[in-house]
Amino acid sequence: MPAAKTSTRPAAAGKANTINDIARLAGVSKKTVSRVINRSPLVRQDTREKVEALMRDLGYVPDPIARGLAFRRSFLIGMVYDNPTAQFIVNMQYGALDSLRDSGFELVVHPCDSRSPGYIDGVRRFVQQQKLHGVMLVPRVSEDQALADMLDEIGCRYVRIAAVALDAPERMVVTHDHDGAAEVADYLLSLGHRDIAVLTGPAHYRSAIERTRGFLGVLERRGIALAPGRVVEAGYTFESGVAAAEKLLAATPRPTAIFCENDEMAAGVYRVALRSGIQIPQQLSVVGYDDSPLASRLWPPLTSVRRDTRDTGRVAAAMLLQPEDAPRAMASVRPHLVTRDSCQPPS
């Protein structure tokens, strides 16, 4: 069956051409024509030239009111997050701003509580009231499929930042948390540690699931089983790290090493060790995750998995600036272990 042909006829005589006519004749979306009118950088050069030539040929003059509305919609990027770690969010914003600098786009943020039953409606209102061009979804809201479905339903572009691929490649920045935690396990085992404890993040966070799975997977392949009670769920906060460390370091025997699935919890372990007279690393090795500024400020400096949060934000924002018809692939930000002075072989 032959393919249907797109009409190339202009508007009927006596009738002014509309933006819909231009879109139809150019074979592009109305949104693309709007971006050409507003000089958006999100349109490929060949598409821009084609649309501009059509507008000249047909004498099309954009409605200034409609243009103003389109302009406002085109140049706002949102960042939606529910994360207890302030430094993580600050670094993510810095990264996004790196990409948006000199682009004409601005960043607006929306903190939310993903445990609240009405939070998706709140994000919907935020997107529609701000007329956002696109949204960056930061863990843990990036892991919520219902939120992604809502954005798809209302026609808002989004990019999800997550430990594993959860969506179409062009909508993902994957941080490979499984691999970062596996590197920690290999490192601690190479030092000779066998009695190791793990402070995980909340069990429903994909990052915590992947970090725990990556770490324990290495131990399992080496035939090493952790002692009962050595895997403790915490909350990615300093306070939860303190509470978990109080239990672990009061045990007999106590672990010779603790892997904390973020640096905030590792700082909590440092607090309890200092209070208990336990020397790091002579009597206890500690590893964190994120390699936040806190890691190098602790004493001794903390060995931690670096996942460049600023770079992650930069990549996610850059994906939203790409033309919709440009070929896009899934982005990755790979973690790696940064060794400092918080670990040594067990005594």
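Strands E1 (residues 76-81) and E3 (residues 134-137) run parallel and are joined by four bridges. Strands here are DSSP runs of E, at least two residues long, while helices are runs of H or I with at least four, and both are numbered from the N terminus. Two strands pair if DSSP finds at least two bridges between them.

A quick word on the model: it is predicted, so local features need pLDDT of at least 70 and side-chain atom pairs count only at pLDDT 80 or more, whereas totals for chains, interfaces and linings use all residues. Residues are numbered from 1 along each chain as its sequence is written, and side-chain values use heavy atoms, leaving out hydrogens and water.

Back to the strands. E1 and E3 belong to an open sheet of six strands, ordered E2-E1-E3-E4-E5-E11, with parallel pairing. At its edges sit E2 (106-111) and E11 (331-332), each pairing on one side only.

There's a second open sheet of six strands, and its order is E7-E6-E8-E9-E10-E12 with mixed pairing. Its edge strands are E7 (231-233) and E12 (336-338). Inside this sheet, E8 (residues 257-260) and E9 (residues 285-290) run parallel, joined by three bridges. Ile258 has Val286 as its bridge partner in E9.

Contact means heavy atoms within 4.5 Å. Axes are lines fitted to C-alpha atoms, for helices over the stretch in contact, and angles between N-to-C directions run from 0 to 180 degrees.

| Helix | Strands | Angle |
|---|---|---|
| H13 (residues 309-321) | E1, E3, E4, E5 (172-174), E11 | about 155° to E4 |
| H11 (residues 263-276) | E6, E8, E9, E10 (303-306) | about 155° to E9 |

Now for the rings. How many aromatic pairs does a search of the whole structure find? The search turns up three. Rings of Phe, Tyr and Trp (its six-membered ring) pair if their centres lie within 6.5 Å; planes under 30 degrees apart are stacked, over 60 edge-to-face, and the rest tilted. One of the pairs is Tyr205 with Tyr236, edge-to-face at 5.8 Å centre to centre, with 70° between the planes. Tyr205 lies in the loop between E6 and H9 and Tyr236 in the loop between E7 and helix H10 (238-249), so this pair ties together parts 31 residues apart in sequence. Tyr205 is buried at 11% relative accessible area, and Tyr236 is buried at 7%. (Buried means under 20%, exposed over 50%, partly exposed in between, with a 1.4 Å probe and protein chains only.)
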